[in-house]
Amino acid sequence: MRQSQLFTKTQKEAPSDEEAKNAQLLIRAGYLHKEMAGVYQLLPLGLRVVEKIKQIVREEMNAIDSQEMLATAMQSKEVWERTDRWDDEKVEVWFKSELKAGGEIGFGWSHEEPLANMMKNHIASYKDLPKMIYQFQNKLRNELRAKSGIMRGREFLMKDAYSFADTEEQHEKMYADQQQAYKNVYDRVGIGEDTYMTFAAGGAFTQFSHEFQTVCEAGEDITYICKEKGIAINEEVLEEANLEELGVVRDELVETKTAEVGNIFNFGRHKAEDAGLFYKNSEGERTPVWMGSYGIGITRVMGVVVEKKADEKGLVWPESIAPFKVHLVALNTDDEEISDWAEGVYASLQKQGVEVLFDDRNARPGEKFAESDLLGIPYRVVVSKKGKEAGTFEVVTRATGEVRNLTEEELYADFS
Ligand code: ATP
Ligand code: MG
């Protein structure tokens with residue numbers, strides 16, 4: 001993509017009402033547009049990052065035989081009433097509306113109930129099980145506070161998955177597969193080292209639910225972490241009995257600010273019982289399905305990566321989720337020889353399948369470099385008159401600041 005064609009502009013200042021570093025940087029760099037508090041539009045660069053994260057999650061979900069679908073944002077009151085979760089007292093974050101034709105609808109803050117209900121049409125017998133489904137969808141939540149940028153949106157993108165099983169064994173297997181898929185996802189997006197599977201409350205069937213918490217100053221949660229043992233515990237379950245069971249003592253745990261990047265729940269059979277999702281087991285008995293539910297905050301993950309990796313100059317993307325791999329910056333473009341050379345390099349890198357943002361604009365070097373730093377693309381390749389004379393390109397690694405001077409041949413070999 002040519003930067004001269006990109007419709008977004010970078011900004012010197014973030015909106016004065018934006019407090020969160022992640023949103024400030026993403027807005028300044030032209031990745032996001034702030035529509036209102038907690039509501040952000042994804043611009044081309046931002047969308048590319050989100051699509052990269054989605055693709056990683058999609059690959060991990062497909063690898064454990066989860067099937068992608070897309071549910072609606074509009075939801076039925078009756079379906080949520082059945083499990084007693086329509087009431088605003090029970091669920092604080094509901095957005096609801098009234099139909100002109102009469103009756104109320106809800107906007108999806110979660111999809112456990114609607115999808116359990118939907119599966120009644122597809123699960124009749126034990127032969128239809130086990131099954132897993134997932135989707136990427138904008139969730140709508142009437143969050144009281146929305147001061148953490150895209151880490152807490154009122155509209156945000158979530159991957160949610162649901163497992164349906166006949167036996168406890170099938171159920172446990174899918175739960176374990178999801179746990180492993182989550183670990184793979186956080187590794188691949190570049191936050192694996194700082195992300196802990198955390199014991200939390202809220203297990204309806206089991207004693208614990210599992211949150212995935214990433215060490216992050218801007219996070220809204222507190223997690224107690226023993227790095228050596230790799231054990232992390234949520235504040236709500238920090239009791240002597242639980243610590244004993246997990247094999248850790250209070251003194252080994254360090255109170256740490258974290259962000260919840262995912263959450264998985266083991267419902268046992270009670271959710272299906274409440275929702276009315278029954279099937280005939282191998283003995284011919286009418287039985288509620290074993291269910292699990294698995295969420296990843298896609299846009300929250302993006303925000304956490306920004307918070308953790310950015311430096312004083314701007315964004316710093318891990319290669320796996322960067323909008324482009326290479327930022328090709330052409331200087332001295334008023335010299336035809338240089339601009340032709342830059343065009344040639346752009347074409348060759350693209351031919352090699354490298355994702356390139358080509359800064360083909362006529363602007364001052366200082367301005368171009370500052371903007372390039374702000375955008376955070378992993379490798380900057382500079383085409384200049386000076387380089388042309390030496391027959392080399394300056395290649396700067398954004399994350400480390402390492403500078404290399406490569407010949408054209410070396411450049412293509414490096415990015416092949
Ligand atoms: P939190 O405690 O942060 O409000 P939650 O317990 O409500 O999270 P879930 O309902 O389990 O979260 O949602 C699954 C995942 O979606 C969370 O682990 C988180 O990563 C993400 N998430 C939840 N709420 C938001 C939000 N308002 N904005 C962005 N991501 C969110
Ligand atoms: Mg919440």
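Is glutamate 19 buried or exposed? I looked this one up first, keeping in mind that I'm working with a predicted model. Glutamate 19 turns out to be exposed, because its relative accessible area is 54% and the cut-off for exposed is over 50%.

**Entry: the whole chain**

Next I zoomed out. I found 12 helices and 21 strands in the chain. I noted the span of the C-alpha trace along its principal axes, which is about 80 × 60 × 45 Å. Of the 416 residues, 53% are buried. For the accessible surface I wrote down about 19500 Å², with 46% of that belonging to carbon and sulfur atoms.

I also checked contacts between residues at least 6 apart in sequence. In that set, 68% join residues at least 24 apart.

**Entry: charges**

I looked up the charged side chains and got 52 positive and 75 negative. The centres of the two sets are 4 Å apart.

**Entry: cysteines**

How many disulfides does a search of the whole structure find? The count is 0. A reminder to myself: a disulfide is a covalent bond between the sulfur atoms of two cysteines. I looked at two cysteines anyway. Cysteine 216 has a relative accessible area of 4%, so I put it down as buried. Cysteine 226 is buried too, at 2% relative accessibility.

**Entry: salt bridges**

The search of the whole structure gave me 34 salt bridges. I picked a few to follow up.

Back to glutamate 19, then. Its partner is lysine 147, and the closest N and O atoms of this salt bridge are 3.8 Å apart. Why does this pair tie together parts that are 128 residues apart in sequence? It does so because lysine 147 lies in the loop between strand 7 (131–140) and strand 8 (155–165), while glutamate 19 is in the segment before helix 1 (21–28).

Lysine 229 is in the loop between strand 11 (221–226) and strand 12 (231–234). Glutamate 252 is in the loop between helix 6 (240–246) and strand 13 (254–268). The two are 23 residues apart. Lysine 229 is partly exposed, at 42% relative accessibility, and glutamate 252 is partly exposed at 29%.

**Entry: glutamate 343**

Last stop for today. I found glutamate 343 in helix 9 (residues 336–351). At 31% relative accessibility, glutamate 343 is partly exposed. Which residues does glutamate 343 contact, leaving aside neighbours within four places in sequence? I got Arg2 and Phe358. I also checked glutamate 343 against lysine 12, which is 331 residues away along the chain. Their C-alpha atoms are separated by 29 Å.

Terms used. Residues numbered from 1 in each chain as written. Chains lettered and ligands numbered in written order. Predicted model: local features only at pLDDT ≥ 70, side-chain atom pairs only at ≥ 80, totals over all residues. Heavy atoms only, no water. Helix = DSSP H or I, 4+ residues; strand = E, 2+ residues; numbered from the N terminus. Buried < 20%, exposed > 50% of the residue type's maximum accessible area, 1.4 Å probe, protein only. Contact = heavy atoms within 4.5 Å. Areas by Shrake-Rupley, 256 points an atom, 1.4 Å probe, with all protein chains shown as cover. Lys, Arg positive; Asp, Glu negative; His and termini not counted. Charge placed at Lys NZ, Arg CZ, Asp CG, Glu CD. Disulfide = S-S within 2.5 Å. Salt bridge = Lys/Arg side-chain N within 4 Å of Asp/Glu carboxyl O.
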